[in-house]
Structures are given as structure tokens and as C-alpha cells.
Amino acid sequence: MKKEQDSNVTEFVLLGLSSSWELQLFLFLLFLFFYIAIVLGNLLIVVTVQVHAHLLQSPMYYFLGHLSFIDLCLSCVTVPKMLGDFLQQSKSISFSGCLTQIYFLHFLGASEMFLLTVMAYDRYVAICNPLCYLTVMNPQLCLWLVLACWCGGFIHSIMQIILVIQLPFCGPNELDNFYCDVPQVIKLACMDTYVVEVLMIANSGLLSLVCFLVLLFSYAIILITLRTHFRQGQNKVLSTCASHLTVVSLIFMPCVFIYLRPFCSFSVDKIFSMFYTVITPMLNPLIYTLRNADMKTAMKKLRIKPCGIPLPC
């Protein structure tokens, strides 16, 4: 904490996505639409899974409900602040607010990575060992796996904060992004940050890469198993795997690009940042529900009252 007290910087200035007032108004309307879609889409999945007992008892939909909840929370970390900044000429965030944003961003982001890895394991057991699926993926194991994901995210984010909070900041205080993240913040520290950068890469970059490789390996085994053992129902299973791989690619590839390299700036960094903070949370409900008959049927039943009277369209 001594390093924090020696810092002269009490707030950071966010440069955002654009300095043009007209473009900022357009971006405000665009991202407001995205945010509404994120909230409504993910909230619909969470409610659907919670209301229907047969979905809640299914490991795949149980994990999907938690994934939607994480996406809903993750979007609330960055998007509301970004929307407010679009309507202001001066965009700033306090030092404590910046640390809070970093903490929840990495807490929820790492928890989602671990959960996607768990979901890949769930699909592996379901496809490669279908007779033992319900025995292996029992409710107790599912609960412990979800708790492990949250604990892993908590430990990861605490490590990020511990490394950042010890750095002294003497100015300048401009962050070339629309939210606070570790790569931009540590570049503003008034000390040699080589060791911190290496630790950050080892923490965030390797975490993203290892989870990504584990996921690719799991789905490779699934595809090989489908090719050599199963003939019936391949299209449905391939559709599910394709959906999962789409989500995995949209989340992990930007994270690997941003965190698994020296902390130098590229012009596309902001675009990659938007993928895992805005685009992916918005697309997840579409990817997981449009081609899923069970979810679509369960959502339609939400329009029916308990007494059996259909609600008006």
C-alpha cells in the first residue's frame, strides 16, 4: 500500500473509442442496443433454466445458465461506464474505480474461461462415455465444478490487483481504451515494469492459452470419436460442438492476442477488447439457443401462465 500512497495520480483519463462528438452519439446508440440485447438475452436464458426443472437438472443447461449469468455481469463491468462516457467530453475514472473495474473484469473473465473448459469436459463425457454420463456428471460434481470456476477466477483477479496496486503512478494518466485493464495501466507506472509485465503475461496470457489448448484438444477428441464410432445424431452433436467452438474462439483468441505478448499498443487492441466485453456476451444467447430445440421450446413455455392461459403476444 505504500506504493499506492506515493502515487500522485488519483484518476485516469479514458481516451475511449473516438474523439468525434457525432461518432460518439452513433456509438452510444449502437452500444446501447448491444447492451439491451446482452441483458435481455442472457437474462432470458438464466430465467428459462431456473424455471424448468428438467433443464436445471441437465449438466449442459446448468452450466449454460451460469455462463449467461457471468456474461450478464461481465457486460455490466464496462458497458454502462462506456455508454456514460459517450455523452461526455471528459472521460475519467478514479484510481479506486479503475482497480475495481480490473478486479471484476478479470474475476468474471477468468471464471468464464474455466467454465467453458468445464463445459468442454461435460460434452466430452456426454459424447465419448454416454452410458456413464449421468453417473459421472452428477449434481454434486457439477456444483463443485462451478464453485471451482468461481474460486479460480477470484484467485486470478486477486493476483492481478496485488501486482497493480504496488505500482507508483506519477503521470501521465491517459489510458488509450474505453475501460481500465492491466496492459494499459502498468504502462503508466513511473518505474521499470519489466518483471510486472512478465508476471502479468504468465498470469493472464498463459491462463488464456492453456485453457484454449485444453478446449481444442477436448473437441478434437470429440470429433474423432464421432467420426469413428457414431453415425446417428451426428448433425445435432456437431451443431452443439460448433456452437461451443464459436464461443471459445470469440473469447480466447482476443485474450491470447492481448495478454500473451509484451505490453505494447496496437491499433486493433480496442477492437479485440470489444469482442470479449461486448460482442461475445451478446452473441452467446443467440449461439446457444437458435439451434437448440430444447431451449426454444422451454422459452416458448415461459409465455404460458401457471393456470395454463396463454399470454398475449
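1. Ile158 has a relative accessibility of 31% and therefore counts as partly exposed (buried is under 20% relative accessible area, exposed over 50%, partly exposed in between, with a 1.4 Å probe and protein chains only). This residue belongs to helix H7, residues 139-165 (a helix is a DSSP run of H or I of at least four residues, numbered from the N terminus).

2. The model is predicted, and local features need pLDDT of at least 70, side-chain atom pairs count only at pLDDT 80 or more, and totals for chains, interfaces and linings use all residues. Residues are numbered from 1 along each chain as its sequence is written, and side-chain values use heavy atoms, with hydrogens and water left out.

3. Ile158 also takes part in a nonpolar surface patch of about 430 Å², together with Phe154, Ile155, Met159 and Ile162 (patch residues have over 30% relative accessible area and no salt bridge, nonpolar side chains being joined within 5 Å; a salt bridge is a side-chain nitrogen of Lys or Arg within 4 Å of a carboxyl oxygen of Asp or Glu).

4. The largest cavity has a volume of about 170 Å³ (a cavity is a set of points on a 1 Å grid where a 1.4 Å probe fits but cannot get out, and lining residues have an atom within 4 Å of a point). Of its 15 lining residues, Leu105, Gly109, Ala110, Met113 and Cys255 are the closest to the centre. Helix H5 gives the largest share of this lining, 6 residues.

5. Gln50, in helix H2 (residues 21-51), is exposed, with a relative accessible area of 52%. The C-alpha atoms of Gln50 and Tyr61 are separated by 9.6 Å, the two residues being 11 residues apart along the chain.

Conventions: 1 Å grid on protein atoms, 1.4 Å probe; cavity = no way out; pocket = protein on both sides within 12 Å on 5 of 7 lines; lining within 4 Å. Points joined across faces, edges and corners; volume = space filled by probe spheres on them. Helix = DSSP H or I, 4+ residues; strand = E, 2+ residues; numbered from the N terminus. Patch = residues over 30% accessible without salt bridge, like charges linked within 9 Å, V, L, I, M, F, W, Y side chains within 5 Å. Areas by Shrake-Rupley, 256 points an atom, 1.4 Å probe, with all protein chains shown as cover.
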